[in-house]
Amino acid sequence: MTTGTQTDIQANGSTVMATGERTAAHDTETDGARPRAFVLTGAFWVVCRNPRYLEELAARGLKILLVTPESYREQAQTCRKDPEHPASLIDDIAYVDGALDQEGSFTPSFVSGVRAWQQRYEITGAYAVGETLVEQTGLLCDTLGLRGPGLRATRVCRSKYLQRWYLAEFSPVSVVIPPARREEAALAELPYPVVLKPATRHSSSGVVAVSDAAALRSLLATYPAYETVLVEQQVTGQEFSVESLVQDGEVIFASVTRKETTESHARTFVELSHSVPSADADAERRLLEANRRMLTALGFRDGIAHAEWRTGDDGGPYLMEVAARTPGDGLLALYHLATGRPLEPEIVRIALGEPAAYPAPRRWTRQVYLEHGAGTLEDVSVDWPGVGPVWVADGRMWPEPAPGAPGDPAALRAVLVLKERGARLAPLASSDDRAVTFLIDAPSPGELDALEQRVRAAVTVTTGPEAGDVG
């Protein structure tokens with residue numbers, strides 16, 4: 001038998017670390033004594049914004065374990081003490097250290113926290129609610145033999161340059177620039193205009209269009225010295241996303257969402273609207289077929305995929321990026337309004353190996369983000385009968401409007417304020433800069449478009465000067 005920090009091998013085949021830490025092999029013998037649990041991962045406020053995950057798991061009698069970045073500790077501890085807050089359903093939280101612009105940096109503390117849970121719980125499922133810990137959640141599912149997208153999918157979906165490598169069939173011309181190769185990169189040979197993308201960030205952070213080699217060289221110098229970037233040919237054309245439920249490697253539901261971004265008037269690509277479903281039947285057919293082949297190439301097994309596509313000038317579908325997790329923004333709410341049923345229960349069923357299904361949309365829905373000037377947020381007003389602004393910053397729950405029947409009149413469902421009063425507002429450079437959004441639905445695309453214009457005119461965002469500004 002060895003001593004010190006080495007592993008002791010027991011006669012029964014299990015292992016015990018010198019620190020007393022047990023492996024899964026030993027834990028299996030005591031499964032009857034451990035409560036069954038489910039692991040959710042991602043930003044704390046995203047979990048709170050979608051409380052159905054917590055409610056579904058609690059209804060099954062499962063212990064709910066959350067892995068979230070250390071930056072949410074104070075907020076999470078406060079919310080868990082409130083019996084009216086959905087966070088009160090969480091049984092334990094592991095806080096992890098890392099940074100989105102440093103690949104794999106969350107992994108060591110993630111593994112440490114989850115291995116400690118393995119001694120106390122029988123973990124029966126796991127799901128990445130947001131982008132932050134998708135890759136680490138894939139490792140957890142692979143280690144424990146749980147349902148998940150698969151190691152290839154979760155690794156590739158967290159890296160923009162790996163997506164270009166594995167999914168070259170659907171990709172524009174691109175080049176990967178590692179940190180140590182920036183000075184020698186042959187930028188003059190690229191097909192301008194191009195788009196510069198940090199390899200592992202999300203929410204459109206750092207994604208910028210560039211017109212020539214000199215501008216690209218200058219812009220590269222502003223990114224952290226350790227960050228890998230992807231530079232690719234800019235694809236013009238309409239942007240879409242495809243949301244897919246996949247079970248046992250088969251797509252059981254897929255739908256196309258039309259998107260608008262700041263690209264129409266800026267160098268950035270911050271999303272300004274989502275429309276579910278898309279009204280372009282021809283584009284939908286081509287995108288769904290390309291999306292199916294893309295998921296096959298990833299070996300995507302179980303879960304939900306959110307893939308962003310463009311139809312180029314040549315009519316072909318080009319993959320912008322794909323995520324192995326639930327769609328962000330208000331897309332879950334839109335699908336609930338469009339179909340009459342929430343998506344979250346089906347996602348949980350897939351993660352637990354239960355039969356899952358989801359209906360086609362029956363109404364036309366849209367989420368719109370309002371652009372704003374720079375300054376400080378003073379107030380938001382809504383001139384609409386029965387609807388006022390709901391302030392949902394700092395992890396507060398989003399309201400859940402009841403879906404309408406297929407033929408019901410067009411309706412404004414909610415106006416949400418995503419920042420606190422007094423927050424600094426700046427031009428939209430990433431999704432985190434957005435401050436006000438609204439959700440609408442209608443029985444036809446034309447009625448939806450007309451309603452959007454009426455709501456835009458009814459919402460007023462009042463800003464004041466920033467601290468230090470001279471009036």
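Me: Buried means under 20% relative accessible area, exposed over 50% and partly exposed in between (1.4 Å probe, protein chains only). Which residues are buried in α12?

Reply: The model is predicted: local features need pLDDT of at least 70, side-chain atom pairs count only at pLDDT 80 or more, and totals for chains, interfaces and linings use all residues. Numbering runs from 1 along each chain as its sequence is written, and side-chain values use heavy atoms, with hydrogens and water left out. Helices (H or I, at least four residues) and strands (E, at least two) are DSSP runs numbered from the N terminus. The buried residues of α12 are E344, P345, E346, I347, V348, I350 and A351.

Me: Why is helix α12 largely enclosed by the rest of the structure?

Reply: Helix α12 covers residues 344-352. It is largely enclosed because its buried residues number 7 of the 9.

Me: Which residues lie nearest the centre of the second largest pocket?

Reply: A pocket is an open set of points on a 1 Å grid over the protein atoms alone, where a 1.4 Å probe fits, with protein on both sides within 12 Å along at least five of seven lines; lining residues have an atom within 4 Å of a point. This pocket has a volume of about 260 Å³, the space filled by probe spheres set on the points. Helix α11 (residues 331-339) gives the largest share of the lining, 4 residues. Of the 16 lining residues, those nearest the centre are R49, A333, E344, P399 and E400.

Me: How many bridges join β16 to strand β21?

Reply: Strands pair if DSSP finds at least two bridges between them. On one pairing, β13 (residues 271-276) runs antiparallel to β16 with 4 bridges, and H274 stands opposite Q367. Strand β21 (residues 436-442) is also antiparallel to β16, with W364 opposite A442. The number of bridges joining β16 to β21 is 7.

Me: Why is strand β16 largely enclosed by the rest of the structure?

Reply: Strand β16 takes in residues 364-370. It is largely enclosed because the buried share of its residues is 6 of the 7.

Me: Which residues touch the most other members of the largest nonpolar core?

Reply: A nonpolar core is a set of buried Ala, Val, Leu, Ile, Met, Phe, Trp, Tyr and Cys residues joined through side-chain atoms within 4.5 Å. The largest one has 43 residues, and its largest share, 5 residues, comes from α11. Apart from it lies another core of 28 residues, including V156 and M294. In the largest core, the residues touching the most other members are L40, F44, Y53, I90, Y127 and L245.
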